[in-house]
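Me: Could you walk me through this chain? I would like to begin with the overall layout and then turn to particular residues.

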Amino acid sequence: MDKKRCMVCAREGAFEGGICGMCKAIIRGEALESQHQIRKEADKSLHKEGLEIERKTHG
């Protein structure tokens, strides 16, 4: 397999999808943090309006 460069950090290596594992992990973490922040702001807005927020429980 020929070596390619990561589209994010330009490291050379053999990986799938054009992005190295380290950059994939960083991007995934940023997306999860963004999703968490959006959910937090939405919950805050609902609370301001006086609506009860039902939480799903796992298990």
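The conversation below goes through the chain, its helix, its core and its surface.

Me: What kind of model is this, and how many helices and strands are there in the chain?
Reply: The model is a predicted one. The chain has 1 helix and 2 strands, and along the sequence they follow the pattern β-β-α.

Me: Why does the span of helix 1 agree with its number of residues?
Reply: Helix 1 covers residues 21-48, which is 28 residues, so at 1.5 Å a residue it should span 40 Å; its end C-alpha atoms lie 41 Å apart, which agrees.

Me: And which residue with a positive phi follows helix 1?
Reply: That is Gly 50, with a phi near 85 degrees.

Me: Changing topic, which residues make up the largest nonpolar core?
Reply: The largest nonpolar core has 5 residues: Cys 6, Phe 15, Ile 19, Cys 20 and Cys 23.

Me: What is Cys 6 in contact with, leaving aside neighbours within four places in sequence?
Reply: Cys 6 is in contact with Arg 11, Phe 15, Gly 18, Ile 19, Cys 20 and Cys 23.

Me: Where is Met 7 found, and is Met 7 buried or exposed?
Reply: Met 7 is in the loop between strand 1 (4-5) and strand 2 (12-13). Met 7 counts as exposed because its relative accessibility is 63%, and the cut-off for exposed is over 50%.

Me: Which residues form a nonpolar patch on the surface with Met 7?
Reply: Val 8 and Ile 27 form the patch with Met 7, and together the three have about 310 Å² of accessible area.

Me: Lastly, what percentage of the chain's residues count as buried?
Reply: Of its 59 residues, 12% count as buried.

Note on methods. Residues are numbered from 1 along each chain as its sequence is written. This is a predicted model: local features need pLDDT of at least 70, side-chain atom pairs count only at pLDDT 80 or more; totals for chains, interfaces and linings use all residues. Side-chain values use heavy atoms; hydrogens and water are left out. A nonpolar core is a set of buried Ala, Val, Leu, Ile, Met, Phe, Trp, Tyr and Cys residues joined through side-chain atoms within 4.5 Å. Buried means under 20% relative accessible area, exposed over 50%, partly exposed in between (1.4 Å probe, protein chains only). Contact means heavy atoms within 4.5 Å. Helices (H or I, at least four residues) and strands (E, at least two) are DSSP runs, numbered from the N terminus. The expected span of a helix is 1.5 Å times one less than its number of residues. Patches are made of residues with over 30% relative accessible area and no salt bridge: like charges are joined within 9 Å, nonpolar side chains (Val, Leu, Ile, Met, Phe, Trp, Tyr) within 5 Å. Accessible areas come from the Shrake-Rupley method with a 1.4 Å probe; for residues, only the protein chains shown count as cover. A salt bridge is a side-chain nitrogen of Lys or Arg within 4 Å of a carboxyl oxygen of Asp or Glu.
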